[in-house]
Amino acid sequence: MNEAKNEPFNLADYEQLARERLPRMVYDYYAGGAGDEVSVRENELAWSRVRLRPRVLVDVSACDLSTTVLGRPVAMPVLTAPCGMNVLAHPDGELAVARATAAAGIVQVLSTLSGHSLEDIAAVSSAAGGAQWFQLYCYRDRGITRELVARAEAAGFLALCVTVDVPVLGYRERDARNRFHLPPGVRVANITQQVAEIDRGSALLQYVSDQFDPSLTWESVDWLRSITRLPVVLKGVLAAEDARLAVEHGAAGVIVSNHGGRQLDGTVAPCDALPEIAEAVARAADTAEVYVDGGIRRGVDVLKALALGARAVLIGRPYLWALAAEGEAGVLRLLHMLRDELQRSLALAGCPRVRDVRPSLIAR
């Protein structure tokens, strides 16, 4: 192998390395989306269409990337998104991501469907000085949901990130063709209800149909807030009307997201939905925060997201590729790449600090 040729220089480079290392079923599970995967492609393309108006003759000799998320100081406005079953990429899975995010000074958002228990991951994160939010899927059995919330709170998670765009699972043809299932020895560690292999199609699709609650309403958000002291962030918002309702129902923030293009194909890209949602949230409550994920692959994408109204961004697939390629060291290296790209982008845009990024940076 030509090591120089295969050395990753950016986030996208890690995908090819991961493709070479992962079984086809696992690669397709991470990479795939719903339907014709239009939204998967559009999520990245949307950021490339945003144009910037940099300012010049600004002292950018020491750019400051630090900010806060829900009051927690972080080294840069980036979080790792909740992605299920990190252990399919590397045996250490979410444990490796916890250590890497702690070293990078950012927040890890842990999926309900993790391959290590939330308590074990929280202990690793805490020992490394890290911080975490817990992503919550709401089960038909409210007892399971209540127990997950209580465990996350007891383990020291700082917020609940409630995914609201999965009343049913989007139809992911790659998973169906590959008969996606969990390999022997791999299990969902946080719950007793497991993803069981089926004769045909996707075992995950069947699991979600059997276990997740499709009857959730805004009253469900009220119920969740009543059973926890943790702030609640709603993930999967694409409409300004829903963003306003989220604030009215006490959400501490919303994540503008189409689930990485894995739910309803053909939705608006989060990049394009972000400005309207940021404006709606600002009008409804100046304390609620707006985040965005989907297709962010460069530091300049992070800069664009901030200018369009996001407090911070979440990245998903890129850290999975780095985890598959190089384990914990790969995730940390990738986060350093993104940090360096963002720092350079801030300097070239004439923004010495993250808080200096304004909507006027966007060319209208």
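**Core.** I began with the largest nonpolar core, which has 111 residues; Y30, F134, Y139, L274, I277, V292 and L346 touch the most other members. I took a nonpolar core as a set of buried Ala, Val, Leu, Ile, Met, Phe, Trp, Tyr and Cys residues joined through side-chain atoms within 4.5 Å. Buried means under 20% relative accessible area with a 1.4 Å probe, protein chains only. Helix α14 gives the most to this core, with 15 residues. Apart from it lies another core of 15 residues, including V69 and L314.

**Ground rules.** The model is predicted: local features need pLDDT of at least 70, side-chain atom pairs count only at pLDDT 80 or more, and totals for chains, interfaces and linings use all residues. Residues are numbered from 1 along each chain as its sequence is written, and side-chain values use heavy atoms, without hydrogens and water.

**Barrel.** I then followed the strands. Helices (H or I, at least four residues) and strands (E, at least two) are DSSP runs, numbered from the N terminus. In the order β3-β4-β5-β6-β7-β8-β9-β10, 8 strands close into a barrel with parallel pairing. Strands pair if DSSP finds at least two bridges between them. I looked at one pair: 4 bridges join β6 (residues 160–163) to β7 (residues 232–237). Here C161 stands opposite V233 in β7.

Note on methods:
Buried means under 20% relative accessible area, exposed over 50%, partly exposed in between (1.4 Å probe, protein chains only).
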